[in-house]
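This briefing walks through a structure by topic, beginning with the contact between chains and moving on to pairings inside them. Please keep the sequence and the structure in view while reading.

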Amino acid sequence: MSAGGATAGDDLIEFRDVSIQFRRHKVLRGLNLTIRRGQTLCVIGESGCGKTVLLKLVVGLLKPTSGQIFFEGEDVARMSARALVKLRLRFGFLFQMAALFDSMDVYDNVAFGPREHRICGEDQIAGIVARRLRDVGLPPGLERKKPAELSGGQRKRVGLARALALDPEVMLYDEPTTGLDPIMTDVINELILQTQRQGGKTGIVVTHEMRTVAKAADRVVMLFPLARVGRDDPQVIYDGPAAGLEDAADPRVRQFVRGEAGDRLREPTAADAP
Amino acid sequence: MAAGAIEVGDDAAGGGGGETAVHRLGKLVFERVAEIGDVSLFSLRALGWIARRRSRGSVLVPIFYAIGVRSVSVVAITGTFIGMVLAVQTYHEFQAMGLETKLGSVINLSLVKELGPVLAATMLAGRVGSSMAAELGTMRVTEQIDALTALGTDPIHHLVVPRFLACLLLIPLLTLMADFMGVIGGAVVCTQVLGIDSYAYWKHSRDFVESIDILVGVVKSLFFGAAIALVSCHRGFKSGAGAEGVGKAATEAFVFSFVGILFLDFVLGLFWNTVYRLYWPHTPGLL
């Protein structure tokens, strides 16, 4: 196992000196990160530290202000539109609030990818939808319900089924357990674990939930919000196995893992300004 | 320096002193130019997708129904009332000159050349434009547009092209509906309420309203429909976060579409007049 805790395989995704800012708000600065094939990486950190932005950069939903992101050695930002579509079909993306298409029912949401890319006929699509809904533990009879009629956990599971419909090599999970009760959180964690183990998928899981980290992560990276990072300090404050989080040398990591408010309740001073 | 002054300096992109009215004006102009450029690129991408790939019928049909069929009643009611109001408002002046039988030509010509297309477009902008911006804005803030992209689908092809085609292809029919209902409304008020002779009313209408006048209105409506779809979809795609952002996008969709309709109406009016005078230099006046 590497220092980063990689389980197997070669480099699949590489962030090389990546920075991104929105107007004047800098979110990521000089990020260097390599994700190996077959690895499940959990990205943790406080809200606003750029975790979701990191996920969106991987599939070209956002472009870096500077730096490069490579997938199998190819610069994502320099890909043609056609190559980018092919790349995206190798990814499955579970969005934070599932992002199901409101105007479509559950069946059409899950069938969207195969239907849009005409990978098979309608009979086979029906088979894919049934299998994926069964994989995520949804009972039959939900297919014709609209997303608004589903519970939070059901929506997440439909979102996962939709992401898996094209049988992607890499799964991206954006805060998959946010807003769910503890049991449903564990259900989703188990589904992530099951998805990652079956077929040896590569995965990036962005989460605040330490139970998800403990269950799913081969490797954990913790980002810190740039607003509270010194000009020359790195934004990645932890990169290692999940087991090492509790005893991390950096007190900011231990504070996050334990969920302690610490000095956050005191009045901010001029010294806190970025 | 006072806190307020620091904020102004900060907003002026680089500071270096307070922001004057000239700075603000310049910034506003740059922002508007950038906005026009952005809408233009967005429109070109939509047109490019129309040329490259056909939308699926299962995507088109519900959108055509929502935009076209569900707008019929509101457009018909608006057209009817405009015809009736025109009759009521113009009757006394024409009667004073003894020209009330010529009201048919005035009402019907106004309707088919101007009021029918403009009002049908305005109703479409209000009913459909705002709704499209709100729907797409909600999709933006709930990451549904990102989800489409992540699934390898171009959101402009999937979301904008069907709405553009629906507005473009159905607004001529809605315009004709508004024209027809306005003509009927005006005729009913003039002949049944105001007592104008029916034969004279329709004869003057026929003498002055030609097929080309109806065609001009219909052609104008194509431009209005395209403008409504592109402006409204663009506003939706650029929606800010939260309910406030979506609400603002919906409002802007109507306001910008309406201004666009009026601007296009003016430009197309000038263009048509130039063409008309070029081919028919000795055109008689209306009266």
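Predicted model: local features only at pLDDT ≥ 70, side-chain atom pairs only at ≥ 80, totals over all residues.

Buried area is the accessible area, taken with a 1.4 Å probe, that two parts lose on being put together, summed over both. Three residues, A:Arg24, A:Phe101 and A:Glu116, supply 29% of the area that chain A buries against chain B, which is more than any other three residues.

**The interface of chain A and chain B**

- In terms of residues, 22 from chain A are in contact with 19 from chain B.
- Four salt bridges are found across the interface of chain A and chain B, and one that crosses between the chains joins B:Asp146 to A:Lys56, with the closest N and O atoms 2.8 Å apart.
- The interface also holds six residue pairs in polar contact, counted where both residues have pLDDT 80 or more.
- On the side of chain A that touches chain B, helix H1 (51–58), helix H2 (81–88) and helix H3 (106–116) of chain A each supply at least two residues, and the largest share, three residues, comes from H3(A).
- By residue class, the side of chain A that touches chain B divides into ten nonpolar, three polar and nine charged residues.

**Aromatic pairs**

- Over all chains, the structure holds seven aromatic pairs.
- In one of the pairs, the rings of A:Phe71 and A:Phe91 have their centres 5.2 Å apart and their planes at 55°, so the pair is tilted.
- Because A:Phe71 lies in strand E4 (residues 66–71) of chain A and A:Phe91 in strand E6 (residues 91–94) of chain A, the pair ties together parts that are 20 residues apart in sequence.
- A:Phe71 has a relative accessibility of 4% and therefore counts as buried, and A:Phe91, at 6% relative accessibility, also counts as buried.
- In chain B, the ring centres of B:Phe42 and B:Phe237 are 5.4 Å apart and the ring planes stand at 70°, so the pair is edge-to-face.
- This second pair links distant parts of the chain, with B:Phe42 in helix H2 (residues 21–52) of chain B and B:Phe237 in helix H9 (residues 211–237) of chain B, 195 residues apart.
- B:Phe42 counts as buried at 7% relative accessibility, and B:Phe237 counts as buried at 9%.

**Salt bridges**

- Side chains of opposite charge can pair when their charged atoms come close.
- A search of the whole structure finds 35 salt bridges over all chains.
- A:Arg90 forms a salt bridge with A:Glu72, their closest N and O atoms being 2.8 Å apart, and this pair links distant parts of the chain, since A:Arg90 is in the loop between H2 and E6 of chain A and A:Glu72 in the loop between E4 and strand E5 (74–75) of chain A, 18 residues apart.
- Both partners count as partly exposed, A:Arg90 at 25% relative accessibility and A:Glu72 at 38%.
- A:Asp239 forms a salt bridge with A:Arg219, the closest N and O atoms being 2.9 Å apart.
- A:Asp239 is partly exposed, with a relative accessible area of 37%, whereas A:Arg219 counts as buried at 6% relative accessibility.
- A:Asp250 and A:Arg252 meet through their side chains in a salt bridge of 2.8 Å, N to O, in which A:Asp250 counts as buried at 17% relative accessibility and A:Arg252 as partly exposed at 27%.
- Salt bridges that share partners join A:Asp10, A:Arg37, A:Glu72, A:Arg90 and A:Glu169 into one network.

**The surroundings of A:Glu46**

- A:Glu46 is placed in the loop between strand E3 (40–45) and H1 of chain A, and at 16% relative accessibility A:Glu46 counts as buried, the cut-off being under 20%.
- Leaving aside neighbours within four places in sequence, A:Glu46 is in contact with A:Lys51, A:His208, A:Leu223, A:Phe224, A:Pro225, A:Arg228, A:Phe256 and A:Arg264.

How values were computed:
Residues numbered from 1 in each chain as written. Chains lettered and ligands numbered in written order. Heavy atoms only, no water. Contact = heavy atoms within 4.5 Å. Polar contact = N/O pair within 3.5 Å; in protein donor to acceptor, adjacent residues only side chain to side chain. Helix = DSSP H or I, 4+ residues; strand = E, 2+ residues; numbered from the N terminus. Nonpolar A, V, L, I, M, F, W, Y, C, P; charged D, E, K, R; others polar. Phe/Tyr/Trp six-rings, centres within 6.5 Å; stacked < 30°, edge-to-face > 60°. Buried < 20%, exposed > 50% of the residue type's maximum accessible area, 1.4 Å probe, protein only.
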